[in-house]
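Subject: Handover of a structure

Hello,

I am passing this structure on to you. Please look it over first; my notes on what was found follow below.

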Amino acid sequence: MNKFKIKAEYAPAGDQPKAIKELMEGINKGFNKQTLFGVTGSGKTFTVANIIEKVQKPTLVIAHNKTLAAQLAQEYREFFPDNAVHYFVSYYDYYQPEAYMPVTDTYIEKEAMINEEIDRLRHASTQALLTRKDVIIVASVSCIYGLGSPEEYMSVNLQIKKGDSAERQNIIKKLVNIHFERTNADLASGQFRVIGNSIEVMPVSEKIIIRINIEDDKISEILKIDSVSRNIIENDLDQIFIFPAKHFITNKDQQERAFKSIKKELEERLEQLKKEGHNLEAERLKRRTSYDLALIKEVGYCNGIENYSRHFSGRKSGDAPDTLISYFPKKADGSPDFLTIIDESHITVPQIGGMYAGDASRKKTLIDFGFRLPSARDNRPLNFKEFEERVGQTIFTTATPGVYEKEKSEQIVEQVIRPTGLIDPIVDIKPITETKNNKSQIFDFIEETLKVVKGGGRVIATTLTKKMAEDLSEYLKEKGVKAEYLHSDIKTIDRIDILTSFRRGKFDCLVGVNLLREGLDLPEVEFIGILDADKEGFLRSDTSLIQTIGRAARNVLGRVVLYADKTTGSIERAIAETNKRRDKQIAYNKEHGITPKTIIKKIHDITDSMRSDHDKAVAELLRIDEAMMMKSPVKIIKQKEIQMNAAVKILDFETASILRDGILILKEKIEMSKKIVVKKK
């Protein structure tokens, strides 16, 4: 078994050695909950990595959004290159949950766009947990939502062993039973194809092809093949496990039992609704459920099948669902045998706690008005009590501990001194509205930004709304500042792309709302402008202001301006806390003769592992064509159309589709350029 082993060019420094020692003492004493109270830029992730290395247990790291989770996953991969570090987030690029609004009599159908690459990473996470111990899973709060049973998922995996008797048709049947699709075209994730006496399978967890060669009804050879180059990666495998293509797995006996159980519940619910005089709701429920059951029998699936999950899994009403946490190991007595890290806990803990109530409220309306059976409420996230019972020894990491962490932690460990000697930034207050001696916040911010950009630094602006972020971004561009906006409407991978481009200097100013506060590691940022800082509320609370100020603490030139016409209580508390930390840090540096240095951090494209080979090929072609695009966009599109048609003629549909998608993106860019020109006129 591989052991966790950190690979880093530096050793713990600043407050890190003390924090590691105290946290490990707490773990050894059996403390269930501890808090690492670490200022921004103090290296909390490296401290936690050292704890993981010492504890030597599988670890669940929970972050409050996908972007932060991706960044953390990349950091842990750097620290543990020889161990299994995986990324587990919701696989929806877009998700509109099923809902009903009685006031307007409006029913909203569930609508979702699944990102296949993120789905692949989810499968890689669960399979790693079932097959090895040196595993770190960095997850969003989607880890508390329902997932198929790990026992069932493990029990139906297909074991292929060299030398075993195996008829080709039996292997095909087993693959279909675990939700693999047969194809005659190029393989995609979760598909297989048959070529003579060979079967080629592409698992959902890896971008490889497994080739199973059969001779005289025996497995003669098992190969691993690169899915793009077709080069053989491994050619002498004794055995291999192929896990199901879906997390929700049920056998035929379970399905039959589930159909009977659903029909029984339907009869009871219809009787109840009719007795209460809700005939319309009863008819609606009967039609919906009957249609769903017919579809499941016919094709094995229906839209909203997860609402029947309790029947298929055999759980009782009210039982907690299986989640990602169910895949982590347990001790002999059933208690958790893994470590849990809750990153930016002041945000993540309330988010975990709020998921259950919101889901329950929406489901209640659907059930009351006959859109779903009562058992639909069992398709839900864990409630907070269930979550607490299922996680292992927990360390909260945050620069601003919340009430929960303070009350529940058996120990709070401080990490205020940074290894780099960096101190918290200087914070100034400037007015929002224009006065005789001062410019308005926008014009002052632009002036400050131009100074920083001229010196090669980066700038962040935080606004109160998404619309303000978009408008300010456009206005900055008109004033000669290369700017982009970032908010929650932007797709997961695109968000990470924007942050990577920002760090690489492709643009100079990033404008956002609260997405920019916690956990984003951007050492290039020299200046932050917090617009409308005196508008008391969630986005301008003392906790939010301290977190935002912290984004400038990774750069020796870091500086923050709060644009405010009045000094609120939140502003006073935020500045007081910042100044307290500064005093402690300055005194430590003076005592130890330390000169602060800006954090130097490698820039990685953390979206790379989330992209399909097709997307990567399109992106690479666009990069190559960029120079020609500037000179003659129409000409390059015509050339590509000729190439695409030529590829179709020789039946090279893969190349044709790459060229097609590139053409569509180029056309979109041309249209965008036209709109910008018209707007300027």
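A residue counts as buried here when its relative accessible area is under 20%. By that cut-off, 51% of the 681 residues of the chain are buried. Please keep in mind that this is a predicted model. The chain holds 20 helices and 25 strands. Of the contacts between residues at least 6 apart in sequence, 74% join residues at least 24 apart.

Strand 2 and its partners

Strand 2 covers residues 59-62, and both of its faces are covered. Thr59 and Val61 are buried on one side, and Leu60 and Ile62 are buried on the other. Strand 2 pairs with strand 8 (residues 135-139) in the parallel sense, over four bridges. Within strand 8, Ile136 is the bridge partner of Thr59. Strand 2 also pairs with strand 17 (residues 339-343), again in the parallel sense and over four bridges. There, Ile342 of strand 17 is the bridge partner of Ile62.

Helices 2 and 3

Helix 2 spans residues 44-55 and helix 3 spans residues 66-79; their axes come within 11 Å and cross at roughly 50°. The two helices are therefore oblique to each other. The crossing of helix 2 past helix 3 is right-handed. From helix 2, the contact takes in Thr45, Phe46, Val48, Ala49 and Ile52, and from helix 3 it takes in Leu72, Glu75, Tyr76 and Phe79. By class, seven of these residues are nonpolar, one is polar and one is charged.

An open sheet of six strands runs in the order 20-25-24-21-23-22, with parallel pairing. Its edges are strand 20 and strand 22 (483-486), each of which pairs on one side only. From one strand to the next, the twist averages 20°. Inside this sheet, strand 24 (residues 525-530) and strand 25 (residues 559-563) run parallel and are joined by four bridges. Phe527 has Arg559 of strand 25 as its bridge partner. Helix 16 packs on the sheet, where it touches strand 20, strand 21 (458-462), strand 24 and strand 25. The direction of helix 16 makes about 155° with that of strand 24. Helix 17 lies across strand 20 and strand 25, and runs at about 155° to strand 20.

Helices 16 and 17

How do these two helices meet? The axes of helix 16 (residues 542-550) and helix 17 (residues 569-592) come within 8 Å and cross at roughly 45°. That angle makes helix 16 oblique to helix 17. Helix 16 passes helix 17 in a right-handed crossing. On the helix 16 side, Asp542, Leu545, Ile546 and Ile549 take part, and they meet Ser570, Ile571, Arg573, Ala574, Glu577, Thr578 and Arg581 of helix 17. The residues of this contact divide into five nonpolar, two polar and four charged.

Arg418

Is Arg418 buried or exposed? Its relative accessibility is 2%, so Arg418 counts as buried. Arg418 sits in the loop between strand 19 (411-415) and strand 20 (426-430). Leaving out residues up to four places away in sequence, Arg418 touches Gly14, Val39, Thr40, Gly41, Ser42, Ile423, Asp424, Ala553 and Gln585.

Regards

Methods: Residues are numbered from 1 along each chain as its sequence is written. This is a predicted model: local features need pLDDT of at least 70, side-chain atom pairs count only at pLDDT 80 or more; totals for chains, interfaces and linings use all residues. Side-chain values use heavy atoms; hydrogens and water are left out. Buried means under 20% relative accessible area, exposed over 50%, partly exposed in between (1.4 Å probe, protein chains only). Two strands pair if DSSP finds at least two bridges between them. Axes are lines fitted to C-alpha atoms, for helices over the stretch in contact, and angles run from 0 to 180 degrees between N-to-C directions. Angles under 35 degrees count as roughly parallel, over 145 as roughly antiparallel, 65 to 115 as roughly perpendicular and the rest as oblique. A crossing is left-handed if the near helix is turned anticlockwise from the far one by less than a right angle, and right-handed if clockwise. Contact means heavy atoms within 4.5 Å. Ala, Val, Leu, Ile, Met, Phe, Trp, Tyr, Cys and Pro count as nonpolar, Asp, Glu, Lys and Arg as charged, and the others, Gly among them, as polar.
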